[in-house]
Amino acid sequence: MDAALGPPAAMAEHREELTPMMAQYHDLCAEYDDSLVLFQVGDFYELFCEAAETAARILEITLTKREDSTGSYPMAGIPIDSAASYIEGLLEAGYRVAVADQVEDPDEASGIVERSVTRVVTPGTLTESELLRSDDNNFVASLARGAEGYGLAFLDVSTGDFVATGPDAAATVRDEIARFDPAEAIVGPDADAAAFADDCMVTAYEPEAFAHDAAHGRVADYFGSPDAHLGGDAEVRACGALLAYAEYTRGGEGDHDRLDYLTHLTRYDPREYMVLDGVALRSLELFERRSVHGSEGTALVDVLDETACALGGRRLKDWLRRPLVDADRIEARHDAVGELVSDPLSRDALQTDLRDVYDLERLISKVSRHRADARDLRSLKATLDVVPDIEDELSDAESEHLCDLRERLDGLDDVRELIRNAIRENPERELTEGGIIADGYDETLDELRGTRRAGEQWIDDLEEAERERTGVDSLKVGHNSVHGYYIEVTNPNLDAVPENYERRQTLKNSERFVTPELREREEEIMNASARADDRELELFREVRREVGEAAERVQRVADALATVDALCSLAAVAAQYDYCRPEVGADGFEIEGGRHPVVERTEESFVPNDLSLTRETPLAVVTGPNMSGKSTYMRQAALVAVLAQLGSFVPARSARVPLVDRVFTRVGASDDIAGGRSTFMVEMTELADILRDATKNSLVVLDEVGRGTSTADGYAIAQAVTERLHDDVGAYTLFATHHHDLTAVAAELNGARNLHFRAAREGEDVTFVHEVAQGAASASYGIEVAEQAGVPPGVVERARDVVAERAANVDRDVDAGASADVDSGAIESTTTDTSATADGGNADPSDDVLDELAALNLAEMTPIEALTTLNRLQRELH
Ligand code: ADP
Ligand code: MG
């Protein structure tokens, strides 16, 4: 166990002798022994002993000491005002943080100030907006295992989004986790933590929380009996434990605080969505671009996100994470997008209004957790103010989806009125010092304010009145925080001071006085002011509680606004980048003029390409030199499928697509070196998954599979896989390969065809036309590229000979293995073909070049290696 956690050994030894404050610290550490305890002492959070040392190291803050009669304890403190960034540092270092606040006013405390843990900050249950991305969810996951399968739940504590599912296979558990990408997870006693990513904090949480009865009761308390809407026991247990954990992180005394804003739990079946496993999410770069050479690039989500508010940003990501497989639901979105595409004025107006929408979900969850301040309530109101405008913009909507959304928009007039009447404009952020409740809302408050104002007015007038009474024009009425109000008279005028002045303070050039009446008035103001502040806080809490009761209604409006925003975003992108409405549910892919949605934004002249994969011919082998466009072409097919099914238009002139149940991708080892995770074993494991799980409705994209092993093995595997996909699976398949022999296999198979990309010569340069064509690329495109690049004809010819000889060798002796060296006689004979003379011996560089060329083991080289070698050899000849 980490020594920084739990009660410090130095304190535990003599718990009974500790000072009351240190005893309190000790006990909180014992109670929250999975967390670093931040212990409020005035304006600071303090840590002691090992925890202090750990925090000082991680946060690079000063380590000091606290000494008392019982000992000397290392101590580190962080200012409360900037706690968030320090807490973030501790989270990043893998710690949970329990925040122990002073929960009573130190001035009123008799004896030691009471403290309690008001929240436990963990990576998956963050609610502080400084630590969250506004346009992305932050999930904590829970995994339980039962007799009939798994229970898996995801909760975003900051927004109240709560979903559950019951996968029956471990692989599905992994896929769903990859989709939601939780920051943290809790697992039940019999569940396996291995399904979670490395950067996810995983805890084996209290088995009692995962026990059936406790979990069932908790879920029922929030959402009614789970029997009707959750799948099975494991799901109930996962959800119940997650609720318990979320409550735990909110602190509270003994019994946990209920989280009232968790009003809905949505159960889904993974089969309702296109499966996108972790490999596919990464290789299609939906959310993150694999950094090539360390530079950050653009992912699909970046080119797709034109949302105007945080709600829409999160909704769009959810759609991208979970494309649909149901044609009706997909077409409902397409209808809505289509309508918004064809009505740019309404769309612009909607987006303008949506820009004024604050993060309703996080606001209402803050309200519910009693964390919202008066400004948050005003933001909520400001958002509700634009809802009627958005409703108006949608009044001419025709598509069912948009009409339905309009219906669900509700301005929540009662809530709006309440906030408008109760909370003043631009209220103070601090809740205890007044300045938050509007005039006219509460009689008592108005009276107190009246008294205060009258008193202040009397004092304002006092200066004038006293000047007149005393005849001293320089007399001043002032205020300071120590002595309160005073009347100041300069020394030369002290004779004029009336009887009822009492001396308060003597300065160098003047004296300060009070009068009994001034004192009385002052007390009146102070009293009224303090009581007004208290009253404001009381009223504010009442208003906040009342607004909190509308949580579910606010969430419904938020949900509708999120969807409207996401649809507008899809329409804006479709209109600006000339996407077309895809026809979904077709018997195959028929894409005309398809483009890669990300590459087309950076490539100056992107070349559109067609694609046809039918039920009869679902498989295509794609060949062509490196950099000719194979990977781009295949991924763009997968992206068109994903976009179509999430409800978006697609980058193409026209597109008919099937309903794909899953996209499989496999990028060969040598193409994934940047990712640093690919080994041949990984490659084969993924291949095994594909062959096991793909159906005829899957889209399989294989990019250079079989590179991680010897050419012979690699080729053998590629052919066997192709045959299996073709004969048994029947999945829509695109297979880019450097194994040219595979084109012969494709030519033989009924359901397969060859496609290729070529290189062309343009002046001195070899360029790629990025145009897909029917048929296989020529066998020796590597040499062709070399020729077009200007490698001397003799060398090119020799290279062709070498290829031919190699082929003959392989034919002659299948067991020859790697002994591909060409005999020296062949080198001799080629030198006579070149214009070089042999008399200079090694003085002629072409001799070396030829030696090296002859010694090349082409069987072990990839096309790109061959190209670079030829390029270098050529440079040596010049
Ligand atoms: P390959 O897989 O054949 O090596 P890539 O698909 O990786 O080739 O493409 C190489 C580069 O060519 C891409 O990074 C991209 O910039 C460009 N490219 C690919 N396809 C096209 C296209 N259709 N139009 C324009 N440029 C393209
Ligand atoms: Mg490639």
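Author: In this predicted model, an oxygen atom of ligand 1 sits 2.4 Å from an N or O atom in the side chain of E603. Another residue with a side-chain contact is T632, which places a polar side-chain atom 2.6 Å from an oxygen atom of ligand 1. M627 takes part through its backbone: a polar backbone atom of M627 is 2.7 Å from an oxygen atom of the ligand. Ligand 1 is surrounded by 13 residues, and E603, V607, M627, S631 and T632 are the closest of them.

Now the helix packing. Two packed helices are described by the angle between their axes and the distance between the axes. For α14 (residues 344-354) and α16 (residues 374-393), the axes come within 10 Å and cross at roughly 170 degrees. An angle over 145 degrees counts as roughly antiparallel, and α14 and α16 are therefore roughly antiparallel to each other. Their crossing is left-handed. On α14 the contact is made by S346, A349, L350, D353 and L354, and on α16 by V386, D389, I390 and E393. Sorted by class, these are 5 nonpolar, 1 polar and 3 charged residues.

Helices α18 (residues 413-422) and α20 (residues 516-548) pack with their axes 10 Å apart, at an angle of about 165 degrees. This pair is therefore roughly antiparallel as well, and the crossing of α18 and α20 is left-handed. V415, L418, I419 and A422 of α18 meet V543, E546 and V547 of α20. The contact of α18 with α20 has 6 nonpolar residues, 1 charged residue and no polar ones.

Terms used. Residues are numbered from 1 along each chain as its sequence is written. Chains are lettered from A and ligands numbered from 1 in the order in which they are written. This is a predicted model: local features need pLDDT of at least 70, side-chain atom pairs count only at pLDDT 80 or more; totals for chains, interfaces and linings use all residues. Side-chain values use heavy atoms; hydrogens and water are left out. Axes are lines fitted to C-alpha atoms, for helices over the stretch in contact, and angles run from 0 to 180 degrees between N-to-C directions. Helices (H or I, at least four residues) and strands (E, at least two) are DSSP runs, numbered from the N terminus. Angles under 35 degrees count as roughly parallel, over 145 as roughly antiparallel, 65 to 115 as roughly perpendicular and the rest as oblique. A crossing is left-handed if the near helix is turned anticlockwise from the far one by less than a right angle, and right-handed if clockwise. Contact means heavy atoms within 4.5 Å. Ala, Val, Leu, Ile, Met, Phe, Trp, Tyr, Cys and Pro count as nonpolar, Asp, Glu, Lys and Arg as charged, and the others, Gly among them, as polar. A residue is near a molecule or strand if one of its heavy atoms lies within 4 Å of it. A polar contact is a pair of N or O atoms within 3.5 Å; within protein, one must be able to donate a hydrogen and the other to accept it, and residues adjacent in sequence count only if both atoms are side-chain atoms.
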